[in-house]
2 protein chains.
Amino acid sequence: MLSSVSARAGTRKVILDDDGFALAQWMVIKAPDVQVLGVTTVTGDLWQKEATANALRGVEIAGRPDLPVYGGATYPLVNTEAQTERWEALYGKLVWKGVWMKHWVEPTRQALPPYHGPDVVPDLPQGNPTLEARPGRAADFLIEMVHSYPHQVSIIATGPLTNLALAQRLDPEFAGLAKELVYMGGSLNPRQTRPDEVAHQFAREFLNAPRREFNIRFDPEAASIVLRAPWARITMIPVDPSTDTELTPALLKRLSASATPVARALRTRPTGFPLWDEIAAGVWLDPGIVTRKTDLFIDVNTQFSGSYGDILSWTPGYEPGLGERRNIVVQKIDVKRLEDLMTQRVAAPQKPVSGRPLPG
Amino acid sequence: MLSSVSARAGTRKVILDDDGFALAQWMVIKAPDVQVLGVTTVTGDLWQKEATANALRGVEIAGRPDLPVYGGATYPLVNTEAQTERWEALYGKLVWKGVWMKHWVEPTRQALPPYHGPDVVPDLPQGNPTLEARPGRAADFLIEMVHSYPHQVSIIATGPLTNLALAQRLDPEFAGLAKELVYMGGSLNPRQTRPDEVAHQFAREFLNAPRREFNIRFDPEAASIVLRAPWARITMIPVDPSTDTELTPALLKRLSASATPVARALRTRPTGFPLWDEIAAGVWLDPGIVTRKTDLFIDVNTQFSGSYGDILSWTPGYEPGLGERRNIVVQKIDVKRLEDLMTQRVAAPQKPVSGRPLPG
């Protein structure tokens, strides 16, 4: 596996770690001069097994069955479903709980995903994958890759940070050997900026908890481990810039207008979500998408309290210095430039595998 | 004392509880149809003894030496200076610590108040009071008043909530016998809206801690006790509406233009602060000042963590139901109307004491 990919020098090496698989991953996989070393999955919005099935089907659709997919952690480090229910009894109802979600508190435009256990993998809307995940675990793969390509591997993490925390505790050299971490997670001071109903409904998540975001809240201890690890560079994509974005029916129509398999697969995708993960992918592919950013030290509240999983941030000079790192925090993006990039990537011809033209 | 004030039926009865004494208190004392039952003091920005001296001098200047002033709590319930220093070592430096403030973290336009112990009362810029505080304690006075005038007494609290928490635990009937609580405290999602340097510097307090505000953070346990008490009505003035306001040199000039003793006393007052407490006074005097408000359940994080003292809030339906109450949360105000009210009150002739014309 490594022989074919390592031949492509000069490209940017990246691993995509997510609790699902969708547009963000396709954007990166279909980008020029990018070598995706692999896709790793974790539980969050979906259980790891379902996320893995999505990833396998995703790389198939992208015409990249060569891309290795590794299943990662099934459970957060400390947080559990029962503990979350006790937390809610003490501290109030969460708007979104990922795989632990049984009902919306208020009427919500988005469909409620089916509630099931970690080993159930429902049939996928895009068809089930024929590929299988590679043997081995996401954390081990992540560690192997940073040792194989020291200081060359970017990690784009768009789900809970459980795999990365495990990798760091399995191998203290892990983060330091990566090139950088780009993560979608956390929330600073977001504000609803779009007037529509979708934006209004997603604002529920931060209106009374400006520092809470699902990826971090689902596994706060993992997030704190990762955010205190010695990365050379960390880019944070909090909720804040996403409030300017939305996968509207018009945008989806534009994205799915071309004839590529990815564009075709997008046609049945539900609309009405902020472009959280797409911003992370877009910022990594084209840093010019960022129109405002700042440097902050970032950590996570890991005490079991009403603020469990909340982002802690410090202007440099105020931080406690307990291992928290300076993050490049993306505050605002050029939405048109992101949407253009998404459209281009989706419409691009499939990339050849190892220089050979693609079948079909 | 009670005989003269109880004679004025039809007026709105109020007690002013604060960690200092300034414009907000004068606005209420000089308002028509308002009967200030007393002024109570607490430690926060100033130690209680210094706050008491300020209050005594303040009622003197207002020509109301008849108004009783009661000293309140010297220390927060649980929080201490030493604990705050350990907290900072663990969770980062606080921007403002009130009486525990030894230096600014960053260069700051505002003067650093002198650091001293609880029993030191520095000479006051307006001259020292000749009056003395009444014997007895603020908490007992508060309890006595709500029993004397059940369901008639408003309490405007603009400092830490220690006195009110003590009153509630001394007498579980306390909050339920009051008419209402109006408090300046807490922070939800404030944003810098004024472009000047003062606004920029005060934004440091909430930029990395949108839920933290000094009055609540100084005594989080007291705040939680008070916010879970059975008030008939609670109005919260968080930091949020204050970012539109500032005591500028121009506003101070306007306020101090008249010939009243209060206007004269204002002339040497330092400028460059948001109108935190003045909003609370103004909203109580003229509810029409409020241009946007919402109903939220409010409590405080009392666990010793990076979010210690942070406001917890819930849209109705999400709250845990552990005693937290529905607050009317003031989000936005008519700044001109507030400034006009301040100017009118400062310029108004001194109110007579018990119907007798004032001396001098």
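View 1. A:Val300 stands opposite A:Ile311 in β8(A). The two strands concerned, β7 (residues 290-300) and β8 of chain A, pair in the antiparallel sense over four bridges; strands count as paired if DSSP finds at least two bridges between them. This is a predicted model in which local features need pLDDT of at least 70 and side-chain atom pairs count only at pLDDT 80 or more, while totals for chains, interfaces and linings use all residues. Residues are numbered from 1 along each chain as its sequence is written, chains are lettered from A and ligands numbered from 1 in the order in which they are written, and side-chain values use heavy atoms, without hydrogens or water.

**View 2. The open sheet of chain A.** Nine strands form an open sheet of mixed pairing in the order β3-β2-β1-β4-β5-β6-β9-β7-β8 (chain A). At its edges stand β3 (69-70) and β8 (311-314) of chain A, each with a single partner strand, so one side of each is left without a neighbour in the sheet. Strands (E, at least two residues) and helices (H or I, at least four) are DSSP runs numbered from the N terminus.

**View 3. Helices on the chain A sheet.** Helix α3 (residues 48-61) of chain A lies across β1 (12-18), β2 (34-41) and β3 of chain A, and runs at about 150 degrees to β2(A). Contact means heavy atoms within 4.5 Å. Axes are lines fitted to C-alpha atoms, for helices over the stretch in contact, and angles run from 0 to 180 degrees between N-to-C directions.

**View 4. Strand pairs and a helix in chain B.** β4 (residues 153-157) and β5 (residues 180-184) of chain B pair in the parallel sense over four bridges, with B:Ile155 opposite B:Leu181 in β5(B). Helix α5 (residues 138-148) of chain B packs on the sheet, where it touches β1, β2, β3 and β4 of chain B. Elsewhere, β7 (residues 290-300) and β9 (residues 325-333) of chain B pair in the antiparallel sense over eight bridges; B:Asp295 stands opposite B:Ile328 in β9(B).

**View 5. Relation of the two chains.**
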